[in-house]
Structure formats: C-alpha cells, structure tokens
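Please consult the sequence and the structure while reading.

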Amino acid sequence: MGRTERAVRLQSRKDGNTKMSIRIMGTGSALPARQVDNRELAGMVDTSDEWIRERTGIGSRHVSTGETVVSLAVEACERALENAGRDAASVELILAATCTAERGIPCAACQVQSHLGAKQAAAFDLNAACAGFLFALHTAWAYVEAGIYDNALIVGSEVLSKLVDWTDRGTCILFGDGAGAVFVERCSEGGILGLVQHSDGAGGGVLCCDSRELQSPFVNRSMEIPRIRMDGREVFSFALRQVPAGILEALEKADLSPDEVDLYVLHQANRRIIEGIAKRLAVDISRFPVNLDRVGNMSSAAIPVLLDELNRQGILRRGMTVVLSGFGAGLSCGACVIRW
Ligand code: UT7
C-alpha cells in the first residue's frame, strides 16, 4: 500500500466513513519432530501415564532437539501464507507472540521477516505468555481498524522445553514446543465481532520464570538458570473464574449468546479446565475441540496450532461463529468472537 492510499484511508477513518475488521485468510503450524510421551516422562520423574491423562488430558508433546522459536515460526508463517494464497512481499505487519525467544535483540519477528523476505513489513514481538496470540490478534485488528495496515501475519511460537524444570513433576508434564500462524486481512463485514483483554499483574507470582542460582558441576562458579515455577491450583482456579467471564463479556459485545457459537477454540492447558468452562457456559463439550492430548500446552502457539488443524480438516467453515480465548501467566486473559 502506498503512502497516498494510506493517508486517504486514515482520513476516511477520521471522517468515520468505514468500519473495518480483520478476517483470517490462512493458517499454518510447525511442530518439532521429537515426541515425548507420558511413559518417557515417567522414567524421568515420579509420575505415571494414568495420572497425567486423568489430571490433564495430555498424552504426548513435541520437544525441540534443535528447532528454535524463529525456525518454527518461519515454517508456520510460510504455511499460513501458502494457505492464504499470498506471498511474503505483500505482508505489511508481522507480530510474533512469544515468551521464549532465543534472543531479546533483535526480536524474533524481525528475524522471521528476514527469513521470509517480507521486506515491506514492520515487525515486533509481543509477550503476554499463553494469552499472547490473542493479544497479538487484537493488536493487528487495532492497526487495521485505525487504517494503518491492510494485513498482518501473526505467529505464536514457543520452545518452552528450555525453560522447563525437568525434575519438577508438577510442571514438566504440561508443556510442549511448537508454532502456529495466521494471515489476516482487512474486511468490512464479519471478522472480529467483539473482544476483551484483561491483565492482573498482582497475581503474576503464581506462574513465572525466575533465574535460579545453581552450582555448575563443570566450572567453579554458580550459574543463573531460568526455570518455570507454578502454583498449578491457583492458575486452575484463575482460569475457571476469568475465562467464562471474559467469553461472556466478548459475546455481549458481539450481541450473541453462548449457544449461538459453533466452536470454542480455547488455550490448551488442561482438559479439566476446558470441561469446567463448557459447564459454566452451559454449552455442550462437543463444541470445544482439543489437541492437547497430542501436543500439550504450547503457550502462545496453542490456539493458532489448533486453528490450523481445524482449518485443514475442513471443520472451520466460512460463516461460522468462533470464540477464541487464551489465559495464563501475567496473569492475562483474552477472548474474541469471530465470524470465520
Ligand atoms: O497455560 C497456563 C499454564 N498452566 C496451567 O494452566 C496449569 C493449571 N493447573 C493444572 O493444570 C493443574 O493444577 C495441574 C495439572 C498442574 C496439577 O493438577 P492438580 O489436580 O491441581 O494437582 P495438585 O497440584 O493439587 O496435586 C495433587 C497431588 C499432589 O500430591 P499430594 O500433595 O496430594 O500428595 C501432587 O504432589 O498430585 C501430586 N502430583 C503428581 N502426581 C503424579 C503433582 N504432579 C504430579 C504428577 N504425577 N505429575
């Protein structure tokens, strides 16, 4: 889009002539090759396949043996562009949602931009942990709504395995690595119908990644190693309290009721959390697809990877009403209603 066109669009927004939203035109995902099932974990910590399946619904997860946040993100983005039938040169904005980027500087989104050859795109990272993809989607919507950009590539990519404490059975059973991406474009009808996002920084201590001082067995000094630490029960009750409330708020903005929604694509943290949310919304569990049994909790990648699976299986169809909701560290929580 040229400067004149952009200026006309901005003026038109000021005059209140156009109402814009974004529509997901293509999806893509990428998972590391190595899979680790519950039985393998039971050989590392005091746990069992039965306990993990019963308490979380997770059976297996993908773990990086060299894949990075950037390499997974690039693969997912390429697939999303191919699925949308667009090329990298047309992308105007790249947002990477991640809390596990290998490098703080330069940001992952700029590295993705370079690999894709998306030369005209502005690119930056956004960290809202497991709500990151939702917050990035909302950010892209705001840019388009303001008339600044016409399209965006949004990717959630995580390599959580490098931050997991593989001796802590309370957390190491939960997480997996992967990336999911969507390509969105401006639309004048449908798209995002209502959205909400909430943050509760005061509750942040229940799920964090702190550096711990560990004595190195190899050199005569201690090392600062970041590791995930979580009060699982607190996060569980936060999710059951906040997610249904956030979804109802987003639905109210879209003037819809829970039973008018075709699919609820939620953050894949724990099957019991998803069942609890379905119950609180009084919606049949069949409308809540899951893939956590195969991929675990991939933080910001969870929602876009599931969207990609549903899209490629032909389960998502144009005109469907879909609710997306992400929640987690921060504490953060977001929901949006979209017409697919
Ligand atoms: O993306 C957002 C991030 N995180 C989440 O969404 C996590 C939300 N929380 C959860 O999913 C659950 O709280 C967990 C799966 C983490 C834990 O399940 P829980 O049913 O809340 O278990 P608990 O923490 O209340 O622990 C119950 C028992 C404890 O033993 P005692 O004290 O009763 O003897 C734990 O030590 O289960 C024990 N336990 C385990 N046992 C076998 C905890 N982890 C394991 C394990 N295998 N992996």
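## Salt bridges and charged surface

Because Arg312 and Asp308 are 4 residues apart in helix H10 (residues 302–312), about one helical turn separates them; helices (H or I, at least four residues) and strands (E, at least two) are DSSP runs, numbered from the N terminus. The two residues form a salt bridge, with the closest N and O atoms 2.6 Å apart, a term that requires a side-chain nitrogen of Lys or Arg within 4 Å of a carboxyl oxygen of Asp or Glu. Asp308 is buried at 4% relative accessibility, whereas Arg312, at 48%, is partly exposed; buried means under 20% relative accessible area, exposed over 50%, and partly exposed in between (1.4 Å probe, protein chains only).

This is a predicted model, in which local features need pLDDT of at least 70 and side-chain atom pairs count only at pLDDT 80 or more, while totals for chains, interfaces and linings use all residues. Residues are numbered from 1 along each chain as its sequence is written, and side-chain values use heavy atoms, leaving out hydrogens and water.

The count comes to 11 salt bridges, including these two:

| Pair | N to O distance |
|---|---|
| Glu40 and Arg34 | 2.7 Å |
| Arg229 and Asp210 | 2.4 Å |

The pair of Arg229 in strand E10 (residues 222–230) and Asp210 in strand E9 (residues 207–215) links distant parts of the chain, 19 residues apart. Arg229 is partly exposed at 38% relative accessibility, as is Asp210 at 31%. Elsewhere, a network of salt bridges links Arg39, Asp49 and Arg53.
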